[in-house]
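User: I would like to go through this structure term by term. For each label, set the value against its cut-off and conclude.

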Amino acid sequence: MQSGQPARPVTYALWVLAVLGGARAQAADSYRLDSANTQVAFEVQRFGVRWVTAHFQDISGEFVLDRHGRSSHVDVKVGIASVDCNDSRWNERLRSPEWLDAQRYPWMTYHAGSIRFDEGRATATGELTLHGVTQPVVLHITFVNCRNGNACQFDAHARVKRSEFALPHGFWVGGDPVDISISGVVSRSAG
C-alpha cells in the first residue's frame, strides 16, 4: 500500500481481528485506556452553531475483548471537575450546579457489556451515567492504528440529549443535543 492511501475495509477487518482477537488461546484480552493520550470531549450547539466545546482531563478505563463474544465490555470513568474549555470563566460555569454540578456529581461513567465488531469498527451498546441519571447510549468506535497487538488508537462518537440527563438546555444555555467524541489509545494490560 502506498503512503497516504487508506487501507481497504477487508484489510482493516482482518487486521483488527488479528490484533484484538489474536491467535492466542486465551478467552479474553484486556486493554487499559492510556489516559495521557486519550481525550473525552463534548460540543454543545446554539442555533446550529458550535457554542461550547470542552474536554475532560481525568479519564480512566478498560476495554476487554472476548473473541468468543461472551465477556467483551467497555468501562470508562471521567472526573467532571477536570472539564476544561480553555476559558477559566467557562470552566467554572461548566463545573457549577448551572451545568454539570461537579461537586454533587463528581463522576461520569460509561459501561457497555455488548460490543459488535465489523470491519475495523465496533458498536458498543451500554449505559452512560451523568448528573445522577443513567441512560442507554450507543458508542460508535473506529480503530485507527494498532501496533503489534499491544496498543490500539481509536476514535469514538456518540450523541446524547441534555434533557435526558436532567441538564439545563434552551434558548439561553444552548441546544439539547450534545456530541461526545473520544480519541485515544488503549494498551494491552499485563497479565
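**Labels and their cut-offs**

User: Start with helix H2. What makes Ser-88, Arg-89 and Glu-92 a face of H2?

Analyst: Ser-88, Arg-89 and Glu-92 are exposed and lie on the face of H2 turned away from its buried side. Exposed means over 50% relative accessible area, buried under 20%, and partly exposed in between, with a 1.4 Å probe and protein chains only. Helices here are DSSP runs of H or I with at least four residues, strands are E runs of at least two, and both are numbered from the N terminus. The model is predicted: local features need pLDDT of at least 70, side-chain atom pairs count only at pLDDT 80 or more, and totals for chains, interfaces and linings use all residues. Residues are numbered from 1 along each chain as its sequence is written, and side-chain values use heavy atoms, with hydrogens and water left out.

User: Which residues of H2 are buried, and how do you know that they share a side?

Analyst: Trp-90, Asn-91 and Leu-94 are buried in H2, which spans residues 88–95. They cover an arc of only 105° around the axis, so they are on the same side of H2. The arc is taken over the directions from the helix axis to the C-beta atoms. In general, an α-helix has 3.6 residues a turn, so residues three or four places apart point the same way.

User: What happens at the start of H2?

Analyst: A side-chain oxygen of Asp-87 reaches to within 2.9 Å of the backbone nitrogen of Arg-89. A polar contact is a pair of N or O atoms within 3.5 Å; within protein, one must be able to donate a hydrogen and the other to accept it, and residues adjacent in sequence count only if both atoms are side-chain atoms.

User: Why is Thr-38 called buried, and which backbone atoms does its side chain reach?

Analyst: Thr-38 has 8% relative accessibility, so it counts as buried. It lies in the loop between strand S1 (28–33) and S2. Its side chain reaches the backbone oxygen of Asp-34 at 2.7 Å and the backbone nitrogen of Val-185 at 3.3 Å.

User: Why does Ile-115 count as buried, and which residues does it contact?

Analyst: Ile-115 is at 15% relative accessibility, so it counts as buried. It lies in strand S7, residues 107–118. Contact means heavy atoms within 4.5 Å. Beyond its neighbours within four places in sequence, its contacts include Phe-63, Ser-72, Val-74 and Ala-124. Ser-72 is 43 residues away in sequence, yet the C-alpha atoms are 6.5 Å apart.

User: Which residues touch the most other members of the largest nonpolar core?

Analyst: Phe-42, Phe-56, Leu-94 and Tyr-110 do, in a core of 46 residues. A nonpolar core is a set of buried Ala, Val, Leu, Ile, Met, Phe, Trp, Tyr and Cys residues joined through side-chain atoms within 4.5 Å. Leu-94 is in contact with residues including Phe-42, Val-52 and Trp-99.

User: What is noted about phi at His-131?

Analyst: His-131 has a positive phi of about 60° and is not a glycine. Most residues other than glycine have a negative phi. His-131 is in the loop between strand S8 (121–130) and S9. With a relative accessible area of 12%, His-131 is buried.
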